[in-house]
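Please read this report with the model open beside you.

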Amino acid sequence: MSDADAAGRAQAVAGRSLLGWILALLLPLLIVVMEIGVAMFEPRVLSSRNIVNVLIQSSYLVVFASAQMIVILTRGFDLSLGASVSAISVVTALVTTSLNADGAPAWLVVGAGLAAGLAFGLLVGLFNGFFVAWLGINPFVVTLGSLNICLGLATTISGGRPVFNVPDAFSSFLYDGNLIPGVPLPLTLAILVCLFLYFLLEHTVFGRSLYLIGSSPRAAYLAGLPSRLYLTLAYVACGLLAAFGALMLTARTGSGEPNLGGSLMLESIAAAVIGGVSLQGGVGGIVPVILGSVFVTMLSNAMNLLEVGGYVQQILLGCVIIGAIFLDRIRQTRV
């Protein structure tokens, strides 16, 4: 190789590295610029009360976006997430209110509610994982089918109406309590979830295998990885995380809502993609997902304070998602 060729290659590598740094810093910069810009028209956006509210709202989206991240790493996604959240909320509310009406102790009410919600999420994950991993059906088709199943179940067993009077013990366990003094419980729980997922993805064979399965399925096969098993477990993990987030939201609202997960499917995918998780698989991490979730939450919060209409908000969110996919395309081809 001549000196000129070597210099040219080194320059190209340096250029790709610089572009990678620019793309990595783009989202934090957008968050800062957005908040400063909105504050010029609506100072309340920088109030301590609003900041705390944004952090709490972000904590829920972080959990759901993390669930999407796990399956997106494997070149999939979960369209059923929002519907499963609604079904889990209704099931949990029915179980806890029934036990509470029978005079069951608080620990049993809380435990049964948690078990019912997590079990439902586990079943949804197993359903999706089995058809995607073992039968080779496209994730879009499978999760679209489970979306309709979960939505139908949520509407049928609730009669299309909210299930009120979730026991205070359940709400206190996942919303009102404090594990860390001065830190809202939902934020603490989200931090714990993120720490667990960081360890899972960065320091376990299963976590590292998800990246390989997503980036190169054939390489994963040649490496002898149990790809079908790991792919199934990825959807199970997604279902369990969605269930945990649904339990947190149910504790917050104090009722089982058949429409609770209405926009969560879109928002969770948006937060993951905006955070840099590639729809082509094999690229992503928990820290970018946190930033993506904060960005989506802050964008929604800013539009609410500026009294932007709901339909316009959907248009803007769609434009942001398309922009994020475009940046991902640039990242994949040039970095």
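A crossing of two helices is left-handed if the near helix is turned anticlockwise from the far one by less than a right angle, and right-handed if clockwise. Helices here are DSSP runs of H or I with at least four residues, numbered from the N terminus. This is a predicted model, in which local features need pLDDT of at least 70 and side-chain atom pairs count only at pLDDT 80 or more, while totals for chains, interfaces and linings use all residues. Residues are numbered from 1 along each chain as its sequence is written, and side-chain values use heavy atoms, with hydrogens and water left out.

Start with helix 2, residues 48–72. The expected span of a helix is 1.5 Å times one less than its number of residues.

Is helix 2 mostly covered or mostly open? Mostly covered: 18 of its 25 residues are buried. Buried means under 20% relative accessible area, exposed means over 50%, and partly exposed lies in between (1.4 Å probe, protein chains only).

Helix 2 packs with helix 7, residues 185–203. Two packed helices are described by the angle between their axes and the distance between the axes. Axes are lines fitted to C-alpha atoms, for helices over the stretch in contact, and angles run from 0 to 180 degrees between N-to-C directions. The axes of helix 2 and helix 7 come within 8 Å and cross at roughly 25 degrees. Angles under 35 degrees count as roughly parallel, over 145 as roughly antiparallel, 65 to 115 as roughly perpendicular, and the rest as oblique. Helix 2 and helix 7 are therefore roughly parallel. Their crossing is left-handed.

Contact means heavy atoms within 4.5 Å. On the helix 2 side, the residues that meet helix 7 include Leu55, Ile56, Tyr60 and Met69. Helix 7 brings residues including Pro186, Leu187 and Cys194. By class, this contact has 13 nonpolar, two polar and no charged residues. Ala, Val, Leu, Ile, Met, Phe, Trp, Tyr, Cys and Pro count as nonpolar, Asp, Glu, Lys and Arg as charged, and the others, Gly among them, as polar.

## Helix 3 and its contacts

Helix 3 covers residues 81–101, and helix 5 covers residues 139–158. They pack at an angle of about 30 degrees, with their axes 8 Å apart. Helix 3 and helix 5 are therefore roughly parallel. Their crossing is left-handed. The contact has ten nonpolar, three polar and no charged residues.

Ala93 is also in helix 3. At 0% relative accessibility, Ala93 counts as buried. Leaving aside neighbours within four places in sequence, Ala93 is in contact with Val163, Val166, Ser255 and Gly256. The C-alpha atoms of Ala93 and Ala251 are 9.2 Å apart, though 158 residues separate them along the chain.

Ala116 lies in helix 4, residues 106–134. Not counting residues up to four places away in sequence, Ala116 touches Val91 and Val95. The C-alpha atoms of Ala116 and Val91 are separated by 7.0 Å.

## Helix 11 and helix 12

Helix 11 spans residues 264–274, and helix 12 spans residues 286–305. Their axes come within 7 Å and cross at roughly 125 degrees. That makes helix 11 oblique to helix 12. The crossing is right-handed. Ala270, Ala271, Ala272 and Ile274 of helix 11 make the contact with Val289, Gly292, Ser293, Phe295 and Val296 of helix 12.

Eight of the eleven residues of helix 11 are buried, so helix 11 is largely enclosed by the rest of the structure. Just after helix 11, Gly276 takes a positive phi of about 105 degrees.

| Residue | Relative accessibility | Class |
|---|---|---|
| Ala116 | 19% | buried |
| Arg75 | 43% | partly exposed |
| Asn165 | 65% | exposed |

Arg75 is in the loop between helix 2 and helix 3. Its phi is near 75 degrees, a positive value in a residue other than glycine. Asn165 lies in the loop between helix 5 and helix 6. Phi of Asn165 is near 65 degrees, also positive in a residue other than glycine.

Notes:
Helices (H or I, at least four residues) and strands (E, at least two) are DSSP runs, numbered from the N terminus.
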